[in-house]
Amino acid sequence: MEAIIFSVNLLAVAAALALALPAIVVWLEVWLALAGRPREAPSLASGVNYSTAGNIAVLIPAHNEGSVISQTLATLAPTLPSGTRLVVVADNCSDQTAAIARQCGAQVIERQDVTNRGKGFALKAGLEHLAVDPPAAVVFLDADCQVAPQTVNLLASAVLAHGRPVQGLNLCPAEAGAPWQQHLSSFAFRFKNQVRCRGLFRCAGLCHLMGTGMALPWELARSVPLQGSHLAEDMQWGIDLAIAGRPALFIEEAKVTSPLPSQPGAIRTQRTRWEHGHLRTLVTQVPRLLGHALVQRRWDLAALALDLAVPPLAMLVLLLVASQLAAWGLWVFGGSGVPLMVLSAALAVCGSAVLWAWYAVCRTEVPLGTLLRAPTYALAKLPMYAAFLFRPQRQWVRTPREHGR
């Protein structure tokens, strides 16, 4: 009997430590982002001619984006360096996306292939089109995003100067008058894409690719494997390139904003694609990254693996709370109290990191009262996480547009 109790206690301690690790990673990234010594992005003045004039292409995949593409291109066009090729891939469109994009001055590629659908196939078609007269760098943007005036120039300049992938700051601000769930989703997006990404970059000098607001040198863009309907293809690109010795730079000044859906069905579609893609990549790529980190003796790959090992924030909090309750039950019935102490400390560490980030970057956009509703927001995601275990989404599904967006 004592042997069984010892084994149970040992397993409980091991499980508690495993769950505490992501919380520690989150706290360290937040500390590095908000209090740590800044790591400057590599200077663009590297002694080479990195003029972007005539050297870059902007590639935008679009599926039935007629309601938004004109606004996107009208905002984007004045910011483009001279000679930039603006290419829109109208992928399996049944609306006026292609015609509107042409009217806005873009080169348009139309493809109809109902079998091979998804963002990856559209990007592949765009890159094949560019291969006839390849640019030096390719900037990737979504069809519904808005860019800051210097975004494309900053991304392309960094690519041309350093020959590495580059990721800008991609945010999803909530609209005025949006429901509280949208404000919390916006904060979660900023927490991951700005605060944690800044912390990771300051720690190891690399970041994940996010799909929009990113740029690659042509020789890398043409070599990345496009898997068509992969849920997190952009993240997979960044991992593959990092392992190959070309990790992505983070240029926070290159800002891109994307709209968040407000209708329940659209929210569910988008969050399922994002979070199932993240979890699938976590399961398959963390061991791979750690293996390459050991073989290549590279700290940056280990840091990337630890960052990827953190599950979505709501899921992490739910896991910590549920495990803490289980550890409390173990202690009440005579088991070790160590797991309870470890998990309580981990939950406190994670909670303090979230509060610190909220106060530093988001308190004017997300009221404290809204933040305090986070437990309800997290619990509402339980069916999504259960679906990953029993019915994981494997095919890329576009988020429905609404109200002109």
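Good morning, everyone. Before going on, a word on the model: it is predicted, local features need pLDDT of at least 70, side-chain atom pairs count only at pLDDT 80 or more, and totals for chains, interfaces and linings use all residues. Residues are numbered from 1 along each chain as its sequence is written, and side-chain values use heavy atoms, with hydrogens and water left out.

Two packed helices are described by the angle between their axes and the distance between the axes. The axes are lines fitted to C-alpha atoms, for helices over the stretch in contact, and the angles run from 0 to 180 degrees between N-to-C directions. For α1 and α12, the angle is about 20° and the axes are 8 Å apart. That makes α1 roughly parallel to α12; the cut-offs are under 35 degrees for roughly parallel, over 145 for roughly antiparallel, 65 to 115 for roughly perpendicular, and oblique for the rest.

Now bring in α11, residues 313-332. How does α11 pack against α12, residues 338-362? The angle between them is about 155°, with their axes 8 Å apart. The two are therefore roughly antiparallel to each other, and their crossing is left-handed. On the α11 side, the residues that meet α12 include Leu313, Leu316, Trp328 and Trp331. On the α12 side, Pro339, Leu340, Cys350 and Val354 are among them. Contact, by the way, means heavy atoms within 4.5 Å.

Helix α1, residues 2-34, also packs on α11, at an angle of about 150° and with the axes 11 Å apart. Here too the helices are therefore roughly antiparallel to each other. The contact is made by Val8, Asn9, Ala12, Leu19, Pro22, Ala23 and Val26 of α1 and Leu316, Leu319, Leu320, Ser323 and Leu330 of α11. The crossing of α1 and α11 is left-handed.

Let's move to the sheet. What is the order of the 8 strands? Reading across, we have β3-β2-β1-β4-β7-β6-β8-β5, in an open sheet with mixed pairing. At the edges stand β3 (107-111) and β5 (146-147), each with a single partner strand, so one side of each is left without a neighbour in the sheet. Two strands pair if DSSP finds at least two bridges between them.

Take β4, residues 137-140: it pairs with β7 in the antiparallel sense over 4 bridges, and phenylalanine 140 stands opposite methionine 214 in β7. On to β6, residues 166-171. This strand is joined by 2 bridges to β7 (residues 214-217), and the two run antiparallel. With β8, residues 249-257, β6 pairs in the parallel sense over 6 bridges. Valine 166 takes part in both pairings: it stands opposite alanine 215 in β7, and its bridge partner in β8 is leucine 249.

Is β6 buried or exposed? 6 of its 6 residues are buried, so the strand is largely enclosed by the rest of the structure. Buried means under 20% relative accessible area, exposed over 50%, and partly exposed in between, with a 1.4 Å probe and protein chains only. Helix α6, residues 180-204, lies across β6 and β8, running at about 160° to β8.

Glutamine 167 has a relative accessible area of 0%. Its side chain reaches the backbone oxygen of threonine 212 at 3.1 Å. Leaving aside neighbours within four places in sequence, glutamine 167 is in contact with residues including Leu155, Cys207, His208, Gly213 and Phe250.

Leucine 171, also found in β6, is buried at 11%. Not counting residues up to four places away in sequence, leucine 171 touches Phe189, Arg190, Gln194, Val256, Thr257 and Ser258.

One last stop, in helix α3, residues 97-103, where we find isoleucine 100. This residue is buried, with a relative accessible area of 19%. Isoleucine 100 and serine 70 are 30 residues apart in sequence and 6.4 Å apart in space, C-alpha to C-alpha. Beyond four places in sequence, isoleucine 100 touches Gly66, Ile69 and Ser70.

How values were computed. Polar contact = N/O pair within 3.5 Å; in protein donor to acceptor, adjacent residues only side chain to side chain. Left-handed = near helix turned anticlockwise from the far one by under 90°.
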